[in-house]
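Student: Could we go through the aromatic rings of this structure together, and through the charges that sit over them?

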Amino acid sequence: MGRDTFAQNRFILSELIKKGIRLKYRRSYLGILWSLLEPLLTMIVLTIVFGTLMGEKSKSFPVYILSGRLLYGFFSQSTTAALKSIRANSSIIKKVYVPKLLYPVSSILFNYIIFLISLIVLAIVSMVLGVFPTVYLVQAVPVLLVLLFLSMGCGLVLSTVGVFFRDMEYLWNVALMLIMYTCAIFYRAEKLLHSRWSFVLKYNPLFCVIDSFRSALFGNMINVKYFAYATFFGLVMTVIGVVVFRKNEDKFILEI
């Protein structure tokens, strides 16, 4: 029975992931191609604007921006989708029994798949601008897994709070803007890390993930402290997210 339940839930999860991808690009002529074009266009704009303002002349600066933009973009989109997932599927929840945990999890996973596909753009831009892969690139694999756990934990907490507190969606949009500015996406992190405001970056787990990924991308050893902190934070948030969700999921039907 246990195996049957697991197989059934796995099938439902895969269908929800497929549904999420279809709905995301339902009214788009470019479809999933937009996931490749959007970060590329954003990179060009940010490079022109901030490269000019900061006098950044490094040929690899667009790669620096694009790598941060892609990782932050996934975190932003996946957590926002998870936040809305229960209410978005309220009609199904009221009619058919499906483990409610699958809704926010599928929201995060389908965005993760799209994110992994978008890394193709980063690979192409890196090669064009002379940032070639080294043996240090293998470090990116565990870093991307930590990013997934971090997003999963935050997403589960948000999906729970979002059921009972509808304004959470607006508050999270504001929080995401603050997170974006503390992730050093379009400015060199070194400028802030050597100032009295360095804690703003160091205690942001998403920045630690982005910094570790950039180190792997540019052929450097990752900062072990940053990676350990982000890993610990991501795992703890995932555990908290699952516990909080499980304790409150039976109350969802009364709120949706």
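Student: Is Phe-207 buried or exposed?
Tutor: This is a predicted model, and the state of a residue is judged from its relative accessible area, with buried meaning under 20%. For Phe-207 the relative accessible area is 0%, so the residue is buried.

Student: How many aromatic pairs does a search of the whole structure find?
Tutor: Two rings count as a pair if their centres lie within 6.5 Å. On that basis, the search of the whole structure gives 12 aromatic pairs.

Student: Why is the pair of Phe-207 and Tyr-226 described as it is, and which term applies?
Tutor: The ring centres of Phe-207 and Tyr-226 are 5.8 Å apart, and planes over 60 degrees apart count as edge-to-face. Because the planes of these two rings stand at 65°, the pair is edge-to-face.

Student: Which helices does this pair of Phe-207 and Tyr-226 link?
Tutor: The two residues lie 19 residues apart, and their pair links distant parts of the chain. Phe-207 belongs to residues 205-217 and Tyr-226 to residues 224-248, which are helix H10 and helix H11.

Student: What is the angle between the planes of Phe-245 and Phe-252?
Tutor: Phe-245 and Phe-252 are both buried. Their rings form an edge-to-face aromatic pair at 5.2 Å centre to centre, and the angle between the planes is 80°.

Student: Over which ring does the charged end of Arg-214 sit?
Tutor: The charged end of Arg-188 sits over the ring of Tyr-64, at 4.5 Å from its centre. The charged end of Arg-214 lies 3.6 Å from the centre of the ring it sits over, and that ring belongs to Tyr-64.

Notes
Residues numbered from 1 in each chain as written. Predicted model: local features only at pLDDT ≥ 70, side-chain atom pairs only at ≥ 80, totals over all residues. Heavy atoms only, no water. Phe/Tyr/Trp six-rings, centres within 6.5 Å; stacked < 30°, edge-to-face > 60°. Helix = DSSP H or I, 4+ residues; strand = E, 2+ residues; numbered from the N terminus. Buried < 20%, exposed > 50% of the residue type's maximum accessible area, 1.4 Å probe, protein only. Lys NZ or Arg CZ within 6 Å of the ring centre and 35° of its normal.
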